[in-house]
Amino acid sequence: PPRILTLEEPVLHMDHCIAFAVHGNPAPTLHWLHNGQVLRETEIIRMEFYQQGEVSEGCLLFNKPTHYNNGNYTIVATNQLGSANQTIKGHFLEKPFPAASGLFSFRMQYTPKFLCVDSKAFSFQVSIAVGLAAFACVLLVVLFIMINKYGRRSKFGMKG
């Protein structure tokens with residue numbers, strides 16, 4: 001019957017690799033489970049191995065895995081005489097936004113006061129913004145009039 005000789009944690013070579021070696025005669029068929037579910041091979045996850053006598057050696061390869069690929073990986077080897085399986089934990093990346101950890105949980109639960117809609121505060125803020133805009137317009141008009149009135153004099157008494 002098949003016997004799993006080695007199963008190693010993921011290591012980064014060209015791709016991430018879970019290395020394995022399985023012994024069996026007749027040669028066992030191999031498939032993988034991810035968290036108890038059958039693992040389908042894709043462009044991102046694929047198995048490569050070679051048969052050398054009664055030993056199959058290879059890798060379960062991951063091309064740029066993410067936190068979705070974290071979990072338990074089980075190799076299952078089966079032939080006419082029986083089956084064998086072994087599980088290893090694969091951890092590739094942390095979740096980008098952990099749900100309840102320190103500062104992040106505080107930020108998610110706390111809504112800043114300026115984001116809350118309060119009609120009195122909002123109307124006050126709008127009136128301040130309108131007042132500042134009106135003041136800026138009056139200041140620009142006064143500057144324009146001053147430049148036109150006093151900017152027409154020629155310097156040094158020359159007429160041009």
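1. Helices (H or I, at least four residues) and strands (E, at least two) are DSSP runs, numbered from the N terminus. On that basis the chain has 2 helices and 9 strands. Along the sequence the pattern reads β-β-β-β-β-β-β-β-β-α-α.

2. A word on the source. This is a predicted model, in which local features need pLDDT of at least 70 and side-chain atom pairs count only at pLDDT 80 or more, while totals for chains, interfaces and linings use all residues. Residues are numbered from 1 along each chain as its sequence is written, and side-chain values use heavy atoms, with hydrogens and water left out.

3. Overall figures come next. The chain has 160 residues, and 26% of them count as buried. Buried means under 20% relative accessible area, exposed means over 50%, and partly exposed lies in between (1.4 Å probe, protein chains only). The chain exposes about 12,400 Å², with carbon and sulfur atoms supplying 62% of it. Accessible areas come from the Shrake-Rupley method with a 1.4 Å probe; for residues, only the protein chains shown count as cover. Take contacts between residues at least 6 apart in sequence: 56% join residues at least 24 apart. Contact here means heavy atoms within 4.5 Å.

4. Strand S3 deserves a look. Strands count as paired if DSSP finds at least two bridges between them. S3 pairs antiparallel with S1 (residues 3-7) over 4 bridges, where Thr-6 stands opposite Ala-21. S3 also pairs antiparallel with S7 (residues 55-62), over 8 bridges. There, Ala-19 stands opposite Cys-59.

5. S2 (residues 11-12) is another antiparallel partner of S3, joined by 2 bridges. Val-11 has Cys-17 as its bridge partner. The two strands are linked by a hairpin through 3 residues.

6. Now the open sheet. Its 4 strands run in the order S5-S4-S8-S9, with antiparallel pairing. S5 (37-38) and S9 (82-90) stand at the edges with a single partner strand each, so one side of each is left without a neighbour in the sheet. S8 (residues 71-79) and S9 are joined by 9 bridges. Among the paired residues, Tyr-73 has Ile-88 in S9 as its bridge partner.

7. Check the salt bridges. The structure holds 2 of them, each a side-chain nitrogen of Lys or Arg within 4 Å of a carboxyl oxygen of Asp or Glu. Asp-15 and Arg-46 meet at 3.3 Å, N to O. Asp-15 lies in the loop between S2 and S3 and Arg-46 in strand S6 (residues 45-52), so the pair ties together parts 31 residues apart in sequence. Asp-15 is buried at 16% relative accessible area, and Arg-46 is partly exposed at 26%. Arg-46 also forms a salt bridge with Glu-48, with the closest N and O atoms 3.1 Å apart. Shared partners join Asp-15, Arg-46 and Glu-48 into one network.

8. Leu-143 is found in helix H2 (residues 119-150) and is partly exposed at 44% relative accessibility.
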